[in-house]
Amino acid sequence: MIEHLLSTADLSRDDAVLILDTAGEMENLTDRSVKKLPALRGRTVVNLFFEDSTRTRISFEAAAKRLSADVINFSAKGSSVSKGESLKDTALTLQAMGADAVVIRHGASGAPMRLASAGWIDGAVVNAGDGTHEHPTQALLDAYTIRRHLCGGSGDLAGLRVTIVGDVLHSRVARSNAWLLHTLGAQVTLVAPPTLVPVGVDSWPVTVSYDLDTVLPETDAVMMLRVQAERMNADFFPSTREYSRRYGLDAQRAALLPQRSIIMHPGPMVRGMEISDDIADSDRAVILEQVSNGVSVRMAVLYLLVGGSREGAGETS
Ligand code: NCD
């Protein structure tokens with residue numbers, strides 16, 4: 001197993017399947033009335049969030065607590081970071097407090113990598129989203145959700161067709177998913193306006209299309225992305241209406257999907273823009289399941305990076 005989780009491009013097929021299988025065990029255990037496992041008792045997990053987050057932060061906190069870790073939540077707002085303290089000094093402070101794992105979300109692509117490689121902390125570093133770069137645990141929970149629905153909950157995703165739609169340029173979710181889904185054997189198609197396709201996409205293991213209607217009938221799972229207005233410094237499309245007309249998922253478009261395919265979104269959704277209300281709330285949407293699966297997947301990641309042997313996973317306290 002890897003030492004830190006920084007990027008899905010670092011994960012072998014075996015590591016990825018081990019994380020998904022372990023998440024399956026975690027899910028079975030959290031279905032019990034006593035949800036806590038003793039696996040990380042006495043260990044400290046720090047959640048270091050320099051950027052806003054709802055789902056990811058709460059999910060990591062729930063995951064660490066279910067494994068009985070001590071959890072310290074640090075958000076840059078209200079901390080000495082707003083007084084100009086550097087990432088290095090923040091990291092050294094955490095090290096002095098004895099962090100066994102640091103879960104970091106940062107606006108700068110590469111910040112988790114810096115934390116892991118600079119030697120400032122001894123513990124495992126988990127990337128919870130860095131700039132427009134990667135968001136590996138989101139991709140893992142997406143893969144877990146797809147596997148559960150379309151592959152009977154085991155093995156890899158060989159032969160499945162996954163379509164990722166929208167603001168790929170600014171999306172760390174799209175990047176992490178492209179690599180992980182490819183490693184797990186799925187075929188990935190990106191659909192976006194030409195202005196929101198990243199330069200260098202030719203080196204990604206994906207196919208690119210600009211026409212959603214032709215791709216949907218050949219899709220097993222469609223993943224809608226939020227348009228990341230906060231990362232845009234220019235106009236990337238003429239209007240919200242025009243964007244929705246070409247790249248939004250509404251009932252008429254969703255009818256083009258094969259019967260058993262699923263509809264996903266990492267959240268937060270901009271309802272009415274990339275996804276219509278009725279589709280977001282429909283039976284085919286697995287968006288809330290993605291959120292619940294996030295806790296099991298993050299438990300698995302923390303357990304495998306910090307907790308040691310897999311055998312202990314079966315114990316309950
Ligand atoms: C994503 C993120 O923060 O990258 N959300 C999440 O973690 N669930 C996607 C987004 O913000 O659009």
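This is a predicted model: local features need pLDDT of at least 70, side-chain atom pairs count only at pLDDT 80 or more; totals for chains, interfaces and linings use all residues.

Tutor: The protein chain is divided into domain 1, made of 8-135 + 293-314, and domain 2, covering 136-290. The contact between them draws 32 residues from domain 1 and 30 residues from domain 2. The C-alpha centres of the two domains lie 25 Å apart. Because domain 1 and domain 2 both give residues to the shell around the ligand, the ligand lies between them.

The shell itself consists of Thr56, Arg105, His135, Gln138, Arg172, Val173, Arg226, Gln228, Pro266, Gly267 and Pro268. Sorted by class, three of these residues are nonpolar, five are polar and three are charged.

For Arg172, a polar side-chain atom lies 2.7 Å from an oxygen atom of the ligand. Thr56 also faces a ligand oxygen, with an N or O atom of its side chain 3.0 Å from that oxygen. With Gln138 the ligand atom is a nitrogen, 3.4 Å from an N or O atom in the glutamine side chain. As for cover, the ligand taken alone exposes 310 Å², and the protein buries 93% of that area.

Key
Residues are numbered from 1 along each chain as its sequence is written. Side-chain values use heavy atoms; hydrogens and water are left out. A residue is near a molecule or strand if one of its heavy atoms lies within 4 Å of it. A polar contact is a pair of N or O atoms within 3.5 Å; within protein, one must be able to donate a hydrogen and the other to accept it, and residues adjacent in sequence count only if both atoms are side-chain atoms. Accessible areas come from the Shrake-Rupley method with a 1.4 Å probe; for residues, only the protein chains shown count as cover. Ala, Val, Leu, Ile, Met, Phe, Trp, Tyr, Cys and Pro count as nonpolar, Asp, Glu, Lys and Arg as charged, and the others, Gly among them, as polar. Domain bounds come from an automatic or database domain assignment. Contact means heavy atoms within 4.5 Å.
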